[in-house]
Amino acid sequence: MAIVNISKLSVIGLNENKADILKAIMDLGVIEINNQESKLTDEDWSGLIEKDGDEESVYSMDIKLSEVSAALEALNKYYKGKKPLIKTRKPVKKEEFETFEKEAEGVYETVKNVNSIYKHISYLKSEENRLNTAVISLKPWLKYDVPLEMNGTKYTDIFIGSLPIAVEYESVVAAVNEASDKACLYKVSEDEKDRYISVISIKEHSEGVKDALRKKGFSPIVFEDVIGKAAENTAKFQEQIEEIKKQISSEEEKLYSLSEYTEKIEYYYDLIAIKRDGAAVLSNIVKTKTSFYFDGWCPKEKEGEVKALLDEKGCYYEFKAPEKGEQTPVLLRESALAEPFEAITELYSTPNSNELDPTPFLAPFYFLFFGLMLSDAGYGIILTVGCFILLKKFRLEGMFKKLVKMFMYCGISTFFWGVMFGGYFGDFIPVAAKSVLGIDITINPLWFNPTEEPMTLLVFSLILGGIHLFVGMGLKAYMLIRNGQVVDAVCDIFLWYILLIGLVLFGVGGSFSPALTEIGKYMSIVGAVGILVTGGRDKKGIGKITGGLGSLYGITSYLSDVLSYSRLLALGLATGVVAQVINTLGSLAGGGVKGAIVMIVAFIIGHTFNMAINVLGSFVHSSRLQYVEFFGKFFEGGGTIFNPFRRKTKYVDIIKEEK
Amino acid sequence: MDSMITLFNFSGQFYALLGAATAALAGIGSAIGIGIAGQAAAGVVSEDPNKFGQVLVLQALPGTQGIYGLLIAFIILLKVGLLGGDGMVDITVSQGAYIFAASLPIGLVGIFSAIAQGKAAAAGIMLVGKKPSELAKGMIFAAMVETYAVLALLISFLMINSIQF
């Protein structure tokens, strides 16, 4: 229900058992091993120990891992079967995984095979590209009946090239004739941009001809590595392309057939990842000639299991409670109902080890606020059922699972408020009944209709907000008292309670009994004077007075905090009214079959949109009320999450058999 | 007041409709805001196409102002009877002018807050580009801006709701 107690653990063991012990610790997965860097420079230690570590095998396994993931990526591209909508880890029994370890080397061969095939395919594809480019560049010369490498005869030079189509051809001919009477040019072909020409000129005049052509925008073209006529070469290249295509498809065929090994390769990836982590953890261990040492953290409730393990392996060990104020890693444990809401806390920050876990306190408010903002029975049912199906169909884990579960709960709250306010896909039922069937149905809200009585809901929202803020302040007071700062709790929290309650009584108490106004007046005065006097108690001299004034001025922030809860009304209205707009649009086509069809189309498109945008809005704004208004009152955060040395796998989830 | 407004010789209904139109103008801000966020989103997706879903969520955030504007416009149309079967009700020029005045908060605040929110959302998208795990924080930054659109929506709504015919 809160932050789990964590103990500090130090262990000394014999080097000869080290691998065995570490493997057992990894299996157990409840110890976080600390970095020992500081010990190496500590005078008391540095003479005795040296750093352990096996960077070479970490490095080689990292390379292996990148090979494996490259192979998985390649296979993924050629995977023929249906891919699941959400990729989840596959549960595998420990024994099964251990059997797999024996055939692992064979899988590595497959990985190498896949990678080499994939590399070959990439090579073939770049070859194909190259040939295609060559074919395109030869295209203008298909009708040119001279071998392309031929650049002259004994007495003549031959050159080919392109001229911009914008240059008039006759003027080019004239220019060439002017430069030499022993040169002529042929137009081979033209496209929308260029004209392709071949020029033959007697050797002595060729420089002059080239100059004349250059002035007209001529750019020479030289084909390297092409022997023979363009048409012959094109045919040859095309043949090669066909051949390469065949090769590619046969290689791809191989990958298709190899994709059945995907699962095995995924197992292999995790196997190597586990081994890598096992080797990497050594750099957090120090050793002497015969023994090793490490320290770390372990949840107090797991001490028994750890003791049993370490006793069995013959280690010396010591458990210590962390010192007061010492920051330890944080492990959260919630009741089943509050657990999904841990996602909201985690998205903000992990609490630090000296404070309260806010999750159980924010959970009921989050549930309530989300429902109030979405407040439509129809949307609530869809949200809950949708999330329920997701949870049943997929084996979700971690943050994603928490969020889905949280939305499932919030859907229930949405349904509840929808019934209270009379929203069932907005006013769909009465509108549809009237326009399509021509009958009048009214659905009365169980409580009231917020569009008609917005002030009631506004006041209700602000009251909820006040309660939310008071709970936050109460948690702050609890933490202050727990740390022995009773005076601070009284001055910073309880005086505010008196002032704020007093002000509310003074303002609205009169409508119940005039005596309440009177009480409120005195409470306000006591609170305000108290804050004025104590607000600057940590400061000196004039600061004592300004500090008090400054604290009292903080009342504006309470005002803005409470007003912030008016969004509960605003977002609730947004859902309801937009739903109403959609239904009105749907009813415009009137009755009959046509009207019903229009209604259904408007219903599906409109409500999908409205629900999506409002679920997002409700999620964001409920979170904001927690993060800014609620957490602002007491929560610091900034803790590090407990991250034990365990098997961190990506594709499989290794399940231990329950004893 | 009546005498001044009748100078223009417009009917009360005209002012009411002008109010509905003004409220719907909040959509301008949403369009600009979503546009700004969309540019940033496309940039991030060009680096990592897998982030599409995450940045889309952020891009959608400045869209709510347009919806709030639509909401107020719709309520005005309902109130003056334009959407009911019975036709427009008779309203005096000053009643119409009241409705116009009530539409101003969401119309104006909607435009400017959505543009500002679009910029905050774009920055949030950049944040997700670098640190995908911080999506929630990026969303909260954008939602901080939206508070003022929510307040304007409330004021517009409460004003329209309390105008009596």
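Welcome to a predicted model, in which local features need pLDDT of at least 70 and side-chain atom pairs count only at pLDDT 80 or more, while totals for chains, interfaces and linings use all residues. Residues are numbered from 1 along each chain as its sequence is written, chains are lettered from A, and ligands are numbered from 1 in the order in which they are written. Helices (H or I, at least four residues) and strands (E, at least two) are DSSP runs, numbered from the N terminus.

**The sheet of chain A**

- Four strands of chain A make an open sheet in the order 7-8-6-9, with antiparallel pairing.
- Strand 7 (183-190) and strand 9 (219-220) of chain A are the edge strands, and each has a single partner strand, so one side of each has no neighbour in the sheet.
- Strand 6 of chain A runs antiparallel to strand 8 of chain A, and nine bridges join them; here Ser162(A) has Tyr196(A) in strand 8 of chain A as its bridge partner.
- Strand 7 of chain A is also antiparallel to strand 8 (residues 194-202) of chain A, through seven bridges, and Cys184(A) stands opposite Ile200(A) of strand 8.
- A hairpin is formed by strand 7 and strand 8 of chain A, with three residues between them.

**Helices on the sheet of chain A**

- Axes are lines fitted to C-alpha atoms, for helices over the stretch in contact, and angles run from 0 to 180 degrees between N-to-C directions; two residues are in contact if their C-beta atoms, placed from the backbone, lie within 7 Å.
- Helix 7 (residues 169-179) of chain A lies across strand 6 (156-164), strand 7 and strand 8 of chain A, and runs at about 155° to strand 7 of chain A.
- Helix 8 (residues 206-215) of chain A packs on the sheet too, touching strand 6, strand 7 and strand 8 of chain A, with its direction at about 160° to that of strand 8 of chain A.

**Lys254 of chain A**

- Helix 9 (residues 230-258) of chain A contains Lys254(A).
- Lys254(A) counts as partly exposed because it has 17 C-beta neighbours inside 10 Å (buried is 20 or more other C-beta atoms within 10 Å of a residue's own, exposed is 12 or fewer, and partly exposed is in between, with C-beta atoms placed from the backbone).
- The C-alpha atoms of Lys254(A) and Ile117(A) are separated by 8.1 Å, although these residues are 137 apart along the chain.

**Chain B as a whole**

- Chain B has seven helices and zero strands.
- The C-alpha atoms of chain B fill a box of roughly 60 × 30 × 25 Å along the principal axes.
- Of the 165 residues of chain B, 55% count as buried.
- Among contacts in chain B between residues at least 6 apart in sequence, 85% join residues at least 24 apart.

**Where the chains meet**

- The contact draws 23 residues from chain B and 21 residues from chain A.
- Helix 4 (52-60), helix 5 (64-79) and helix 7 (135-162) of chain B are the elements that each give two or more residues to the side of chain B that touches chain A.
- Helix 7 of chain B gives the most to that side, with 12 residues.

Conventions:
Pairing = 2+ DSSP bridges.
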